[in-house]
Amino acid sequence: MRKNKIVQWVILLVIFIVGGYAIGSSFIDKDERGAEVGQISPTFQLADLQGEVISLSELKGKPIVLNFWGSFCEPCVREMPLISTMSEEYKEQDLVVIGVNLDEPKVVVNSFLRNNPVNYPILLDPNGKVRDRFEVVSYPTTFFINRDGEIDDIYVGELEQATLRARIEQVLR
Amino acid sequence: MIDNTKCECGHQNPVDTILCESCGKPLDPNDTLEDMTLPLEMRYDGVARRSQKANPNVLDRIWNFFSSVKVAIYLILITLIVSSLGTIYPQQSMFIGKMDFDTYYKENYGWTGSVYHFLGLSNTYDSWWFRGLLVMIGASLIICSLDRILPLYRALSKRAIRKHPTFLLRQRLRLDTQTIQGENISNFVPLLEKRNYRVYQEEGVLLAEKNRFSRWGPYINHIGLIIFLIACLLRSMFAYSLDFYAVQEGETKPIADTGYYMKNEDFNVTLHPDGKTVKAYVTKSILYKCVDNCDSPGKLPELKEVARHDIRINDPLKYRDLSLFNVDYDVTPSIIGANVQLTNLVTNAGIGKFKIDLFKPQEQYKVKDYVLDVMAYYPEVDLKDGKFFTKSTQPKAPAFVFLIKGPDMPAEGQVYLYFIRPIDKATYNQDLINERTGSKVKLEIGNMQDVSISEYTTYFNVTKDRTMPYIWVGAAISMIGLIMGFYWHHRRIWIQIEQGRLLLGAHTNKNWYGFRKEIAAVLNQSGVIQPLDDQQLINEVKQS
């Protein structure tokens, strides 16, 4: 009889653990995906046009403006000079601005930047891996990441000076 | 209070046993006088379920809850209802990317949509409560089976041949009559054995039994279902799937998060004579595995071919646990490569050819003594405010700005504008512009064979999943169990002869009339009793 009891407990325990894991994983799945306001930003390692690797996790502690753009996207191209100016203006205050190109061939990006220079690093995202990780579906999309590595705001569409400035001021705090 | 559960035959039965496990004497203390004449409840052969206890504790209570068939039926009903509710509106998992589901359901389906989303039905199948229901059904399957199969096994394998007379006389199929000659019970043995019965004998009593294995059918079915359920659960948690993965003809593209790349070499579609309906489509495809530089930014991954297959509908490319199914295609004409001829304009002599991959153009091309630097590349060129730009990343109208250096050319090089499509060449006056810069060379494409065109984009569904074989195994076991239980019936006959009186009781679970005929034939052939019509055998048909 005692042996039966132990067997019963073991069976219940196994059901409890397997079942608990199955039920619990329905919560975890959601958190793993995507980049949402208030969440810790996903990380990445990407190379710039010179092949130099920039890693987001190494920039922790600094406020970051992460801009997804493509030379084929008119509003992206229009907002780039503004982002460049702001990047210069807030450089002293630790602000890091990064542009992630949306899977264009290197020659395209190079020739574009020759005619439209910016003063912040542009990273190449082959096959759009990082774009997918940040769940960017329309361009431009700009992420504002605070010093704790948390996503403070996500702006979809062309930025205007006032909007951009307000959001930068927000992450500088 | 401890019940005395010892039967008069001396066997110690567990609490709540209905029929003595050994001699079959009815033990239910609640039986009224009237009950005493009714046919016996033979379910599980009257044994107590394993969890039935006199003083249940917490463990027993949990165990009892899951051991109840009533609970199991409610769980299945609830799961059925919520599963069907989940099909009313599209599930959240159908959508890709960030979405505000609150507004989506409200705008598309009105207040019912809002309620639907609020109740969490928009995410039914991945929700904790749906999984909870499945887990509870699983627990119920396991515990219900265990709780019944062990005592039933004991009752069926370790039973006494000599039964209490009440046990025989309260069977649905029974006979109480006088013998006409002798009392030799062995007369029945060859007759029963001819009918595939296994006969067990003791002094003046026998038990004939066949197809006992069919009693295990439901439990084998449950084992199959448990395997099936666990495999489904694992599949929903770990299986990888990627829907509508688009690869253009000529393109090599990574399959996200798998380390595999696939190349769409060629796509072909055949239409029925009506010219509209698709008859078949085939994708010639190659699967690569990334072996080096898979995740090093700025470096090209090193790929190794692992499989090659012509994918058709329902004939996926399979490699290990990865499957790629053709699901759709699109006409997306674009130029993916060009073999360009460099010609000396003065002598009109050809200098050489070079190949451009329009998905991944190089930064520099060399032809004999000439060097061509790519100053700009516009995959889909357009003009705005006097500036060229590209409308997309697709090489639909590719245009290049080269800086060409070479013999008889200025030392700093000469800018050359080059459009691959003749129509763009004309629109943007390529020749006129290049003439003005005084170019001494020209770029051109000889004929259409020098251009690689991609007409189609194929869409694939990709799955990566190791659980599928277990799902099949589970389904097969469950089917075997069902067949065992459905097509064979457990038949038992008890016969006792004592002082010229023959007592017979018989039990089966299906086809009582066939069983009765079989018994009547055995009795008549034995010559032990007066020949009887099979309808003289008492056979009480259950009212329910």
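The model is predicted: local features need pLDDT of at least 70, side-chain atom pairs count only at pLDDT 80 or more, and totals for chains, interfaces and linings use all residues. Residues are numbered from 1 along each chain as its sequence is written, with chains lettered from A and ligands numbered from 1 in the order in which they are written.

Chain B holds eleven helices and 22 strands. These are DSSP runs numbered from the N terminus (helices: H or I, at least four residues; strands: E, at least two). Of its 544 residues, 28% are buried, meaning that 20 or more other C-beta atoms, placed from the backbone, lie within 10 Å of the residue's own.

Now the helix pair. The axes of H4(B) (residues 128-157) and H7(B) (residues 217-238) come within 10 Å and cross at roughly 155 degrees. Axes are lines fitted to C-alpha atoms over the stretch in contact, and angles run from 0 to 180 degrees between N-to-C directions. The two helices are therefore roughly antiparallel (over 145 degrees). H4(B) contributes B:Leu134, B:Gly138, B:Leu141, B:Ile142, B:Ser145 and B:Ile149 to the contact (C-beta atoms, placed from the backbone, within 7 Å). Among the H7(B) partners are B:Leu225, B:Ile226 and B:Leu229.

Next, the chain contact. Chain B and chain A give 32 residues each. H4(B) gives the most to the chain B side, with six residues. H1 (58-67) and H7 of chain B are among the elements that each supply at least two.

Note on methods: Buried ≥ 20, exposed ≤ 12 C-beta atoms within 10 Å, placed from the backbone. Parallel < 35°, antiparallel > 145°, perpendicular 65-115°, else oblique. Contact = placed C-beta atoms within 7 Å.
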